[in-house]
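The sequence and the structure follow, and the text then moves from the overall arrangement to individual residues.

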Amino acid sequence: MYQKILLPLNMNETALIKKALKAAITEAKAHNATLHLFSSIPGFNMPMVSSYFPKDVMLKALTELKQKLKDYAKANIPADINVTFGVGEGSAHKQILKEIEKENIDLVVISSHSGRKVGQFFLGSVASKVVEHAKTNVMVIKE
């Protein structure tokens, strides 16, 4: 049923996504699907801010982020699962929604905090916005 499964990762919170990773691996094996790992970093939203950084800073940061995804996959995903990678720059939920369309994702497996702390609320809101706006199936894995 599923051909391509998206697993958004916050590389600063890898402990949070353990349950989501397990669910994504289970679904990928069950459907012989590709697992697409995706992460994004905040962008330079204002031209004034971006003018203080060399033009290649963001490209370098995205390249490093993609390598972190590859390293994470090598350490945590069985070799028999086909894995692809994507990175983006900007608002997390907007980048995830763009990646869903770009990669023709059938299923999103996303982790969500319980919302007990302010910082957790914001990550939970990413999952909430993805669920609200995605045009595909979304599986939310609670902390």
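A residue is called buried when its relative accessible area is under 20%, exposed when that area is over 50%, and partly exposed in between, using a 1.4 Å probe and protein chains only. Helices (H or I, at least four residues) and strands (E, at least two) are DSSP runs, numbered from the N terminus. The model is predicted: local features need pLDDT of at least 70 and side-chain atom pairs count only at pLDDT 80 or more, while totals for chains, interfaces and linings use all residues. Residues are numbered from 1 along each chain as its sequence is written, and side-chain values use heavy atoms, with hydrogens and water left out.

## Overall arrangement

The protein contains five helices and five strands, and their order along the sequence is β-α-β-α-α-β-α-β-α-β. It has 143 residues, of which 43% count as buried. Contacts are defined by heavy atoms within 4.5 Å. Among the contacts with a separation of 6 or more, 78% involve residues 24 or more positions apart. The accessible surface, calculated by the Shrake-Rupley method with a 1.4 Å probe, comes to about 8,600 Å², and carbon and sulfur atoms make up 54% of this area.

Two strands are said to pair if DSSP finds at least two bridges between them. Strand 1 pairs with strand 2 in the parallel sense, over five bridges. The chain passes from strand 1 through helix 1 to strand 2, and this β-α-β crossover is right-handed; that is, with the strands pointing away from the viewer, the path from the first strand over the helix to the second runs clockwise. Within this pairing, Pro8 has Phe38 of strand 2 as its bridge partner. Strand 1 also runs parallel to strand 4, to which two bridges join it. There, Leu6 stands opposite Val108 of strand 4.

## Helix 4

Helix 4 has 12 residues and spans 16 Å from its first C-alpha to its last, close to the expected 16 Å; the expected span is 1.5 Å times one less than the number of residues. Its buried residues are His93, Gln95, Ile96, Leu97, Glu99 and Ile100. Glu101 also belongs to helix 4, but is partly exposed, with a relative accessible area of 48%. The C-alpha atoms of Glu101 and Thr136 are 9.3 Å apart in space, although the two residues are 35 residues apart in sequence.

## Salt bridges

Side chains of opposite charge can pair when their charged atoms come close. A salt bridge is counted when a side-chain nitrogen of Lys or Arg is within 4 Å of a carboxyl oxygen of Asp or Glu. How many salt bridges does a search of the whole structure find? The search finds two, and they are listed below.

| Salt bridge | Closest N and O atoms |
|---|---|
| Glu103 and Lys4 | 2.7 Å |
| Lys102 and Glu99 | 4.0 Å |

Lys4 is buried, at 17% relative accessible area.

The other pair lies within helix 4, where Lys102 and Glu99 are three residues apart and thus separated by about one helical turn. Lys102 is exposed, at 59% relative accessibility, whereas Glu99 is buried, at 4%.

## Residues with positive phi

Most residues other than glycine have a negative phi. Asn32, however, has a positive phi, near 50°. Asn32 lies in the loop between helix 1 (18-31) and strand 2 (34-41) and is exposed, at 72% relative accessibility.
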